[in-house]
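Subject: Structure handover

Hello,

Here is the structure you asked for. Please open it and read my notes alongside.

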Amino acid sequence: MSIGRRLTLLLAGVAALLSLLSWSMVSGLARQAAARTQDNVLAASASTIAETLRSEQGEVRLELPYSAFSMLGAISEDRVFYRVTAGERLLTGYSDLPAPEPDQANSRVTFGNGTYRGTEVRMVSVRRVVLAGDRPVSVIVTVAQTLDGVAAISGQISRFAAGLSLAFFVLAVGLSEIAVRTSLRPLNSFAQSVSRRGPSDLRPLRPGAPAELVPLRGALNRLMERLAQSIRRSEDFIAEAAHRVRTPLATVRAQAEIALRSTSDAEDRHRLRQIIRAVDESSRSAGQLLDHATVAFRAEHLARDPVDLAELVNQTTEALTPTAEMKDIELKATTVSVSVHGDAVLLYSALRNVLDNAIKYSPEDTTVRIDISEAGAEARISIGDEGPGFGAGPAEELKERFRRGGNTEGVVGSGLGLTIAADVLAAHGGRLDLGAGQKGEGACVTLVLPTS
């Protein structure tokens, strides 16, 4: 379950608990307020009746006032019962109406609950002493009222409170959802800034994250620092290994060539040629692994210097002319001065690998053409040969590491040349296009770079 959903459910649970508590409190206060109001009216009614008591000719007289019962009817349609006793004698009212037990011996007003004629009632008794002749007489006025009206008022207020609590809950859930989304927005922004990075971008994350994300940012920075150190150690190891391997391989090749010239035995010459071929393949692989490590390292800190593509092509063809002359291959360049911004070392490596492949796969006494052109916001370096092409499989798969075409049997290679070129161009925001040469023969590799 997502953090946002968990927070929303947690806040919804808190809102539900608060809604229940508020409904319970309001309902309880409503019942207490209704009960207290009823008690006050009952006490006022009983006191009104008690105030009409008087003494005539040594006897206690009473006149029931209409107002004493009308005030009870003003609250609800409950039934009202009453009883007035003077000493042990019933003056008026319901003789079987119980009276609440006094809380104290001298309590003038006493409240209580009871059951009368199968109905729950609330009762109040007011005690008054009337002087009848020469003796005091204790008069007790008891008034009782059913609780239907109080229950109805309490229920109405309780239902109103339940509606308010439900509305509060719904509003709180909606606000919780908004609050959770707003609170998680910095986390989502932080995650997007990390996800937008390329696989080789191991720069530390810039400050600016909320305080709660500072530990996470620090942990990610430490992780990327360890990854960068690990990558640098791997690249240093590959570079060192390539240097260490190429030197003895060159010595072995030189000794094998000397031995090949000095022997006339056909079997020995065949073995020596196999040794030379294996040394050439190992030396080439070591060199291309070094180039690949250099590309991976420099791509993280790519330079953006002006590079003249015509000058770059001239340097590359000059460096590979001896290799081409060994197979009587002519390097024919058509150069146009086009300038791009990039890393000259990486662009030289990419162009050298592509041109070296063209020479390697071209038959003897052929021509390799290098053309520079500019179209819109793109600069192109096209290298076409007269070799066997890319084979029957998809040409795009040849950009993968150590992937070679099906028609390369007998040709020394490691399957890294096009990979290096494609990685260099991708780091510069360009691409490597693979296609057929002129008239559908050979291969044509185009290095495409943005000019701005």
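E325 is exposed, with a relative accessible area of 53%. Exposed means over 50% relative accessible area, buried means under 20%, and partly exposed lies in between (1.4 Å probe, protein chains only). This is a predicted model: local features need pLDDT of at least 70, side-chain atom pairs need 80 or more, and totals for chains, interfaces and linings use all residues. Residues are numbered from 1 along each chain as its sequence is written, and side-chain values use heavy atoms, without hydrogens and water.

E325 sits in helix α6, residues 309-325. Helices (H or I, at least four residues) and strands (E, at least two) are DSSP runs, numbered from the N terminus.

Now the salt bridges. How many does the structure hold? There are 10. Each is a side-chain nitrogen of Lys or Arg within 4 Å of a carboxyl oxygen of Asp or Glu.

- R369 pairs with E386 (3.8 Å, N to O). R369 is in strand β11 (367-375), E386 in the loop between β12 (378-384) and α8 (417-427), 17 residues apart. R369 is partly exposed at 32%, as is E386 at 37%.
- E59 pairs with R61 (3.2 Å, N to O).
- E378 pairs with R380 (3.4 Å, N to O).

Best wishes
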